[in-house]
Amino acid sequence: MKKHLLTLLPVMLLTACGYSVIKDQETEAVYLGVENYGAEEVNKDTKEDFSYRFEIDGKEEILKVDSGAKNSEGEYEYPIQNQLKEGYTYEIKIEDGMVKSVEEKESLISYQLPVAAEPGGRTLKNFLSTALMPVGNTLYVYGGGWDWQDVGSAIQTRTIGVSKDWLRFFQSQDENYTYRDKDGDETKKDPANSYYPYGGYNEYYYAGLDCSGYLGWIMYNVMNTEDGLDGYVMSSTKTAKTYAERGWGEWTQEIEKPVDHDTSSFLPGDIFSISGHVWICVGTCDDGSILILHSTPALSRAGQPGGGPELSAIGEDENCDAYILADQYMSEYYPEWYERYPVALKDFEQYTAMESEYAGKFTWNVSGENGGLNDPDDYKNKTPEEILKDLFERGE
């Protein structure tokens, strides 16, 4: 017999559409997704009227879900939608055909992280340690890390530690995963089966991280020691300048391309915002190439745009020092990822483009003032090789 939190007599109502709706019950259910997901009319402007699919006792039921209270701007907060994840099992409470609450059934996911970090550790070293935690185990999802309604931080990016949801999704996919369209070809668009939020809301907010979700999760874990506080996910384009405005460091649009043996242009922990993307500098190599961390939909070995948080290189070609370093560490410490994804090589002009008034480089003031970071480990003066060696030894 299935165990329920509370057993009530189910009352079935015959609807005009011909299917039945459970009126009052608390029961176990598997969430199957938004009804008619991908249809043109199922979009952010109609989300208040969505219906949702659940499997209950082996039968699909179509139910409404409570949208919760409205915030100060008059928008619903969608507390239940921000907990629902496709294929997950919940104990749900139904009243008058509407889901009023959900409680996720625990699922176990095992994964050994090669690098450890300290929640709330406000140092440059811990910032980079934290940034490495989702590397090689989390896929790129457009809108991943933002909430379901796409206005703020998801539960996962306001949680200490790598989310089991990211691990579960990564383990359920392979090199054929695509964050949007097969082969990156818009003519192959398939909204009904895509993880991309064509409807303008994030049905798969929980499954992975985009670039801003990734940085928002990093900052939450560096700045906090407990779950559920205010999040840090924001526009990728505005991130660098926003951090400077908070008094954490300096922002500039005066950028010089690094040259041989000049490693001062881009320092460890620097954050660079371009139009639609944000990335983190691990350090500049002697040949002027830059080792970076970011979440990017890089091509898999099967040619599919998927990717996620990874070490990448900015340089002239695959012979540059940063690419060799990234390839060495991704292949050695993240073999499952590396089997799917080669290291991404990025162009300097593209990754430092000033197409927005907000674009630019943020450099930490490591005095620790104004709630920022400090640098007792002298990471500002370490090479990328020294930093990676130190960080990965720490995790062993």
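I314 stands opposite K346 in β13, and strands β12 and β13 pair in the parallel sense over 2 bridges. Two strands count as paired if DSSP finds at least two bridges between them; strands (E, at least two residues) and helices (H or I, at least four) are DSSP runs numbered from the N terminus. The model is predicted, with local features requiring pLDDT of at least 70 and side-chain atom pairs pLDDT 80 or more, while totals for chains, interfaces and linings use all residues. Residues are numbered from 1 along each chain as its sequence is written, and side-chain values use heavy atoms, without hydrogens and water.

These strands belong to an open sheet of 7 strands with mixed pairing, in the order β8-β14-β9-β10-β11-β12-β13. Its edge strands, β8 (249-252) and β13 (345-346), each pair on one side only.

| Pair | Sense | Bridges | Opposite residues |
|---|---|---|---|
| β9 and β10 | antiparallel | 4 bridges | I274 and H277 |
| β11 and β12 | antiparallel | 7 bridges | T296 and G308 |
| β12 and β13 | parallel | 2 bridges | I314 and K346 |

Helix α5 (residues 321-333) lies across β11, β12 and β13, running at about 150 degrees to β12; axes are lines fitted to C-alpha atoms, for helices over the stretch in contact (heavy atoms within 4.5 Å), and angles run from 0 to 180 degrees between N-to-C directions. The buried residues of α5 are A322, Y323, L325, A326, Y329 and M330. Seen down the helix axis, the buried residues of α5 fall within an arc of 160 degrees (taken from the directions to the C-beta atoms), so they line one face of the helix.

Conventions. Buried < 20%, exposed > 50% of the residue type's maximum accessible area, 1.4 Å probe, protein only.
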